[in-house]
Amino acid sequence: MYKPSKLPPVLQNLPLPIIGSPLFIISNPKLVIEQCKAGVVGSMPALNARPAAQLDDWLAEITETLAAHDKANPNNKAAPFAINQIVHKSNDRLEHDMQVCEKYKVPIVITSLGAREDVNKAVQAWGGVTLHDVISNVFARKAIEKGANGLIPVAAGAGGHASVKSPFAMIQEIRDWFDGPVALSGSIASGGAVLAAQAMGADFAYIGSAFIATHEARAVDGYKQMITTSNSDDIVYSNFYTGIHGNYLKGSIKAAGMDPDNLPESDPSKMNFATGEGANAAKAWKDIWGCGQGIGAIKEVTSAAELVARFRREYEEAKARLLG
């Protein structure tokens, strides 16, 4: 198993090597808090707080609740939390949201859609760590050159916007030159898969779709239930909705009156990266539901704590099998 030499303190000694990925619309303070209390890094997009002023309230709720938990449980402290920032030029809230994150000294900032040196420096100036999600080794190098502390390779099969690259290829290429924090994303929905990600060279598993089917997630019941009855055959990879290729639940496409097997190509220039919406009638994420290929392992809607407990049990069982 790969042992990295450059994990920043905030990412050391986590109870379980999992980072919950920020889910557009779906992640909220309730989910983040329960993820952290269960021992995994909880996260949410800053843009989920609408209007923008709500972000201050949400970060106050998260920091105060987790501080109270740690005080009451000094031997079982919560994992740190993360906020996702879309750093693309279409996000006209970035400056405001970064100021709010600085106010609360957000420990981890996950950046997406364009690495920016000024954002990395700002986060690091208040003592935070930046992780940038990438779909190739080329973009990984650019992110580190611009000052990101770590990387999130988004491999084939990940929910939402995803690469077509194998996780094996992405990890081996990145580990050839980078020995800092790496969180692997793509079809991870079991404790065994978490251990496999580490065996390949990642420090953490980056899990999103599994947390949609939790009581705390801000998703409609139909979305949660569809995940529990679907598998990898029910995932469609298309750029029709946002201009960027992503993975979506076939059932939601059918429910919107479209043929999931015959979706046309879309124009990336029509994409609004801040809202996640394209130029097409059905709204991505709200009506067309993003989801990864790993959902065959999700059989029921449960609490975030119960899901993490399952991951922990399966993770330990997988390690025991390897040790004989």
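1. The crossing of H1 and H11 is right-handed, a crossing being right-handed if the near helix is turned clockwise from the far one by less than a right angle and left-handed if anticlockwise. The two helices, H1 and H11, pack at an angle of about 35°, with their axes 9 Å apart. Axes here are lines fitted to C-alpha atoms, for helices over the stretch in contact, and angles between N-to-C directions run from 0 to 180 degrees. Helices (H or I, at least four residues) and strands (E, at least two) are DSSP runs, numbered from the N terminus.

2. On the H1 side, Leu 31, Glu 34 and Ala 38 meet Ala 304, Ala 305, Val 308 and Arg 312 of H11; contact means heavy atoms within 4.5 Å. By class, five nonpolar, no polar and two charged residues make up the contact of H1 with H11. For these classes, Ala, Val, Leu, Ile, Met, Phe, Trp, Tyr, Cys and Pro count as nonpolar, Asp, Glu, Lys and Arg as charged, and the others, Gly among them, as polar.

3. A remark on the basis of these values. The model is predicted: local features need pLDDT of at least 70 and side-chain atom pairs count only at pLDDT 80 or more, while totals for chains, interfaces and linings use all residues. Residues are numbered from 1 along each chain as its sequence is written, and side-chain values use heavy atoms, with hydrogens and water left out.

4. The largest nonpolar core has 48 residues, of which Ile 207, Phe 211, Tyr 223, Ile 227, Leu 249 and Phe 311 touch the most other members. Such a core is a set of buried Ala, Val, Leu, Ile, Met, Phe, Trp, Tyr and Cys residues joined through side-chain atoms within 4.5 Å. Buried means under 20% relative accessible area, exposed over 50%, and partly exposed in between (1.4 Å probe, protein chains only). At least two residues of this core come from each of several elements, including helix H1 (29-38), strand S9 (204-207), H9 and helix H11 (304-323). H11 gives the most, with six residues.

5. Phe 311 touches Leu 16, Ile 18, Ala 189, Ser 190, Gly 191, Ile 207, Ala 210 and Phe 211, when residues up to four places away in sequence are not counted. In soluble globular proteins, nonpolar side chains tend to be buried together.

6. Five strands form an open sheet with parallel pairing, in the order S2-S3-S4-S5-S6; two strands pair if DSSP finds at least two bridges between them. Strand S2 (42-45) and strand S6 (150-153) are the edges, each with a single partner strand, so one side of each has no neighbour in the sheet. From one strand to the next the twist averages 25°. Helix H2 (residues 54-72) packs on this sheet, touching S2 and strand S3 (81-86), and its direction makes about 160° with that of S3.

7. Within this sheet, five of the six residues of strand S5 (residues 129-134) are buried. Four bridges join S5 to strand S4 (residues 108-112), in parallel, and Ile 110 stands opposite Leu 131 in S5. S5 and S6 also pair in the parallel sense, over four bridges; the bridge partner of Val 134 in S6 is Pro 153.

8. An open sheet of three strands has the order S1-S9-S8 and parallel pairing. Its edges are strand S1 (18-20) and strand S8 (183-185), each with a single partner strand, so one side of each is left without a neighbour in the sheet. Neighbouring strands are turned by 30° against each other on average, direction ignored. S1 and S9 pair over three bridges, with Ile 19 opposite Tyr 206 in S9.

9. Gly 222 is in helix H9 (residues 221-228) and is partly exposed, at a relative accessible area of 38%. Gly 222 and Ser 252 are 30 residues apart in sequence and 9.3 Å apart in space, C-alpha to C-alpha. Ser 252 is found in helix H10 (residues 250-255) and counts as buried at 1% relative accessibility. Residues up to four places away in sequence aside, Ser 252 touches Met 226, Asp 287, Ile 288 and Trp 289.

10. Asp 234 lies in the loop between H9 and strand S10 (235-238). Its relative accessible area of 24% makes Asp 234 partly exposed. Leaving aside neighbours within four places in sequence, Asp 234 is in contact with Thr 229, Tyr 248, Leu 249 and Lys 250.
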